[in-house]
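Please keep the structure in view while reading.

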Amino acid sequence: MTTTIQAKIVQDSCNKNGDRLLTFSLTYGRLIHSEMLRHRAASHSVKSSRAIPLKKYRKEVEENPYMPVKFGTNQKGMQAGEETDASASHGKTVWKISAKIACLMHNMMEKANIHKEVANRILEPYVWVEETLTVEHDALIDMGKLRIHEDAQEDIRVVIEQMIQEAEKNTPLLLADNEWHLPYVVRKRSENEDKLSYLDNDGKVLTLDNAIVCSAARCARSSYANHDNSLTTHENDSKLADRLIGSDPMHLSPFEHQARPFSNEKEKERFSSNFRHFFQQRKAIEFEAWKYETQSIHEEERNNVSSNN
């Protein structure tokens, strides 16, 4: 895990009108995560603290606690005053001590056999978050107007600043009709530039449906990799997608990151979402415009069943 706030572009696309859609891999302190979620024009996916084993979560804090960007002096109002040498020194010292105390209390919760969905909450001010965030460029600029401001908390200002800086340095891929923005899936245009292919992590060409599935599963994990850091492939991703779509109710937020340019104004009016310029895959699922057959039994499992009968 990094020890600094980071914003990295995962994928960057634009339509023929120049409207742009970006997906970022963000690393920041969980203490501002609720503030990030206030930006509803963006789509968010992040690993839940409820899913991380107690010992692993505590080890992250013991080895690398999140440290606020600024320890400003106390004053009236929501904004801190200027940071002084004394406020920074004392603030960092007390913060580190409080993180150690929180780890001690967390360990006591574990020994008392308290489930991680409760116990892990104790550590949240001190943990880092890895989030996948997808947002249209004009909405990102609006986020900057709010957060790159003297009234904003320093921690979130740094995140949004980095996002905008990365966007300024990057060049988007121009998408034709029915070409897709698919975070964590490699896109490759043919030499004559008339076809866009989607590639798995092992280099195999994916169908569009399979590429959408892979992207959604990887957005759910906020990574190209499995939780054990091994590179994931469609075989693994399809199982996670089955659980996301096959559950009741469905868990569709990871399908908000896949999108293509709207075909026409009529489609835009019908399938409008938090994205104003792109057709979002979640809408296709909700309106039953995309049929995905969940597999209750996968190929290798089917072969095993056949060999046993």
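## Terms and overall form

Helices (H or I, at least four residues) and strands (E, at least two) are DSSP runs, and they are numbered from the N terminus. The model discussed here is predicted. In the protein, the secondary structure consists of 11 helices and 10 strands. The protein has a radius of gyration of 22 Å, close to the 19 Å that the globule rule gives for 309 residues, so it is as compact as a globular protein of that length. Along the principal axes, its C-alpha atoms fill a box of roughly 60 × 55 × 35 Å.

Of the contacts in the protein with a separation of 6 or more, 65% are between residues 24 or more positions apart.

## Surface and charge

The protein has an accessible surface of about 16,900 Å², and carbon and sulfur atoms account for 49% of this surface. Among the 309 residues, 44% are buried.

There are 42 positive and 47 negative side chains in the protein. The centres of these two sets are 4 Å apart.

## Nonpolar cores

In soluble globular proteins, nonpolar side chains tend to be buried together. The largest nonpolar core in this model contains 25 residues. Within this core, the residues with the most contacts are L182, V185, Y198, F255 and W290. At least two residues of the core come from each of β7 (196-199), α7 (208-221), α8 (234-246) and α10 (281-286). The greatest contribution is that of α7, which supplies 6 residues.

Another core, of 24 residues, lies apart from the largest one. Its members include Y28, V129, V158 and V159.

## Backbone features in loops

Which two residues does a cis peptide bond join? The bond lies between D248 and P249, with omega at about 5°. P249 is placed in the loop between α8 and β9 (259-261).

The loop between β5 (173-174) and β6 (186-189) holds N178, and Y184 also lies between β5 and β6. N178 is a residue other than glycine, yet its phi is positive, near 60°. Y184 is likewise not a glycine and has a positive phi of about 70°.

Is Y184 buried or exposed? The relative accessible area of Y184 is 3%, and residues under 20% count as buried, so Y184 is buried. N178, at 48% relative accessibility, counts as partly exposed, because this value falls between the 20% limit for buried and the 50% limit for exposed residues.

Key. Residues are numbered from 1 along each chain as its sequence is written. This is a predicted model: local features need pLDDT of at least 70, side-chain atom pairs count only at pLDDT 80 or more; totals for chains, interfaces and linings use all residues. Side-chain values use heavy atoms; hydrogens and water are left out. The radius of gyration is taken over C-alpha atoms; the globule rule is 2.2 Å times the number of residues to the power 0.38. Buried means under 20% relative accessible area, exposed over 50%, partly exposed in between (1.4 Å probe, protein chains only). Contact means heavy atoms within 4.5 Å. Accessible areas come from the Shrake-Rupley method with a 1.4 Å probe; for residues, only the protein chains shown count as cover. Lys and Arg count as positive and Asp and Glu as negative; His and the chain ends are not counted. The place of a charge is taken as NZ of Lys, CZ of Arg, CG of Asp or CD of Glu. A nonpolar core is a set of buried Ala, Val, Leu, Ile, Met, Phe, Trp, Tyr and Cys residues joined through side-chain atoms within 4.5 Å.
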